[in-house]
Protein chains: 2
Amino acid sequence: MADIDRSLVRSLPLFANMSDADIDRLLARASLRRLLIGEAVFEQGQKATQFFLLLHGRLKVMQVTSEGQQIIVRVVHPGDLFGFAQALQRDDYPGTPLAAAESLVLCWPNEVWGHFVEQNPHMAVNAMRTIGQRLQEAHTRIREMATEEVERRVAHAVLRLMDQAGKREEDGVRIDFPLTRQDVAEMTGTTLHTVSRIFSAWEGQGIVRGGRQKLLVRDRARLAALAEGEG
Amino acid sequence: MADIDRSLVRSLPLFANMSDADIDRLLARASLRRLLIGEAVFEQGQKATQFFLLLHGRLKVMQVTSEGQQIIVRVVHPGDLFGFAQALQRDDYPGTPLAAAESLVLCWPNEVWGHFVEQNPHMAVNAMRTIGQRLQEAHTRIREMATEEVERRVAHAVLRLMDQAGKREEDGVRIDFPLTRQDVAEMTGTTLHTVSRIFSAWEGQGIVRGGRQKLLVRDRARLAALAEGEG
DNA sequence: CGGCAAGTTTGCGCCACGACAAGGACGCCG
DNA sequence: CGGCGTCCTTGTCGTGGCGCAAACTTGCCG
């Protein structure tokens with residue numbers, strides 16, 4: 001397998017306090033995989049044999065219900081670990097990560113996880129924190145879905161995307177990957193129709209500007225107000 | 001602080017492969033607390049200084065929204081660890097665990113967590129798995145809330161309670177702690193009115209039998225069918 | 001034993017959203 | 001440049017379940 005340059009990961013907080021030698025040792029065990037839009041890193045229910053780190057691009061993690069209904073569980077951003085089912089004592093993957101944009105992924109076999117953690121105890125802690133945050137986010141989402149109306153939920157979702165995948169532009173902040181109305185609907189538990197209507201209304205008020213698979217937030221304050229129910 | 005007898009915890013899987021001496025050492029650092037119905041172990045947002053193990057009784061973990069809306073995030077059963085925010089690198093508690101029945105709780109100061117884990121590496125793994133499961137459950141709930149109608153969600157919730165807190169009786173399986181319609185509503189993101197109506201309908205079909213803070217499941221199969229959407 | 005509080009049931013009206021349906025716009029590819 | 005697929009918009013209609021309101025039941029406590 002071709003060598004992977006450590007400059008790829010050097011800047012990630014996850015590797016912040018590792019020596020070059022340690023990083024090289026880890027990268028020696030890794031393989032690199034490039035994904036085109038729409039490709040899956042692995043499939044829900046598949047046996048978990050590897051864990052992953054997203055270097056570049058964007059993944060949406062899907063789950064399907066027995067009836068074929070789809071939802072987006074979360075979005076994976078560059079620098080995020082994902083698919084470490086093994087660490088959670090699962091033997092299959094609970095969801096399917098699809099590339100929403102062309103993406104670059106590091107893959108390690110499960111056995112490496114042990115070394116991974118020994119090599120850098122800081123990392124075990126880091127993984128724990130990551131999971132903790134993820135749990136926290138999940139609970140927040142549950143609370144939103146239980147208590148808030150659709151417009152507020154969508155506002156929250158957009159704010160989150162903005163913070164995690166926002167890119168400053170002259171006229172506002174752009175969500176930095178292709179995002180369909182359908183995607184937003186699947187993140188908030190509604191339909192693309194309703195999302196479309198909401199975006200249209202917001203556009204009329206100058207809060208956002210939409211486009212095919214595009215979204216630009218022009219007035220964060222107004223959006224935050226909507227999210228807090230002061231619509 | 002009075003000594004705590006190890007017979008209290010000996011039977012828990014969490015301590016399965018620890019020596020008596022190790023257990024005693026851990027218990028020496030613990031304190032025991034009894035909670036009456038309605039009492040809180042700690043409050044949401046409070047600084048996290050301890051972690052806990054439920055020995056007996058039942059806790060419902062509440063979160064309140066900024067508007068005062070309440071939801072039940074999860075139910076803590078005997079043998080469950082809870083409130084280990086520290087392990088997740090949080091410094092405050094994300095929710096409030098209220099005693100749904102009279103309960104008995106073991107409390108350790110945060111500093112012990114390290115020893116706890118060293119003493120029994122199995123335990124770190126166990127904690128990880130616990131969190132993993134919890135995350136998994138959270139995602140399941142999100143998916144349900146996003147895609148299922150109220151009756152199915154309630155059916156799922158009741159099935160879960162049955163499995164985790166069911167007690168065989170002559171006429172079916174009883175949920176083994178006081179559970180109001182309001183509680184079920186807060187677990188499923190609906191109102192007590194709707195839950196009441198649903199229970200009434202089910203009772204008419206002989207699926208359950210209700211009562212003040214009581215619920216008895218008489219026909220698990222029918223309930224499971226409803227949960228799968230074959231109503 | 002009688003009264004009170006907490007929990008439950010049920011009816012009614014309304015409305016936010018989902019289902020359905022049709023048409024329009026963007027962008028890719030040959 | 002023209003055609004097609006994908007994504008988006010907008011209308012109409014129907015309804016699940018929430019809000020509100022009122023009465024009933026159950027268990028507790030004095």
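Two residues are in contact if their C-beta atoms, placed from the backbone, lie within 7 Å. By that criterion, residues 24 or more positions apart account for 68% of the contacts in chain A with a separation of 6 or more. The legends below describe a predicted model.

**View 1. Overall fold of chain A, with seven helices and 11 strands.** The radius of gyration of chain A is 19 Å, against 17 Å from the globule rule for 231 residues; the two values are close, so chain A is as compact as a globular protein of that length. Along the principal axes, the C-alpha atoms occupy a box of roughly 55 × 45 × 30 Å. Buried residues make up 36% of the 231 in chain A.

**View 2. The two domains assigned to chain A.** Domain 1 covers residues 6-144, and domain 2 covers residues 149-227. Their C-alpha centres are 26 Å apart.

**View 3. Contacts between domain 1 and domain 2 of chain A.** On the domain 1 side 10 residues take part, and on the domain 2 side nine. Strand 4 (residues 70-76) of chain A gives the most to the domain 1 side, with four residues. Sorted by class, this side of domain 1 has five nonpolar, two polar and three charged residues.

**View 4. The interface between chain B and chain A.** Each chain brings 28 residues into contact with the other. On the side of chain B that touches chain A, the elements giving two or more residues are strand 4 (70-76) and helix 3 (121-147) of chain B. Helix 3 of chain B supplies the largest share of that side, 15 residues. The class count for the chain B side is 12 nonpolar, 10 polar and six charged residues.

**View 5. The relation between the two copies, chain A and chain B.** Two copies of a chain are related by a rotation about an axis and a shift along it. Here chain B is superposed on chain A by a rotation of 180 degrees with 0.0 Å of shift along the axis, at an RMSD of 0.0 Å. This is the relation of a two-fold axis. Of the interface residues of chain B, 100% are also interface residues in chain A, so the copies meet through the same surface.

Methods:
Residues are numbered from 1 along each chain as its sequence is written. Chains are lettered from A and ligands numbered from 1 in the order in which they are written. This is a predicted model: local features need pLDDT of at least 70, side-chain atom pairs count only at pLDDT 80 or more; totals for chains, interfaces and linings use all residues. Domain bounds come from an automatic or database domain assignment. Ala, Val, Leu, Ile, Met, Phe, Trp, Tyr, Cys and Pro count as nonpolar, Asp, Glu, Lys and Arg as charged, and the others, Gly among them, as polar. The radius of gyration is taken over C-alpha atoms; the globule rule is 2.2 Å times the number of residues to the power 0.38. A residue is buried if 20 or more other C-beta atoms lie within 10 Å of its own, exposed if 12 or fewer, and partly exposed in between; C-beta atoms are placed from the backbone. Copies are superposed by least squares on the C-alpha atoms of residues with pLDDT of at least 70 in both.
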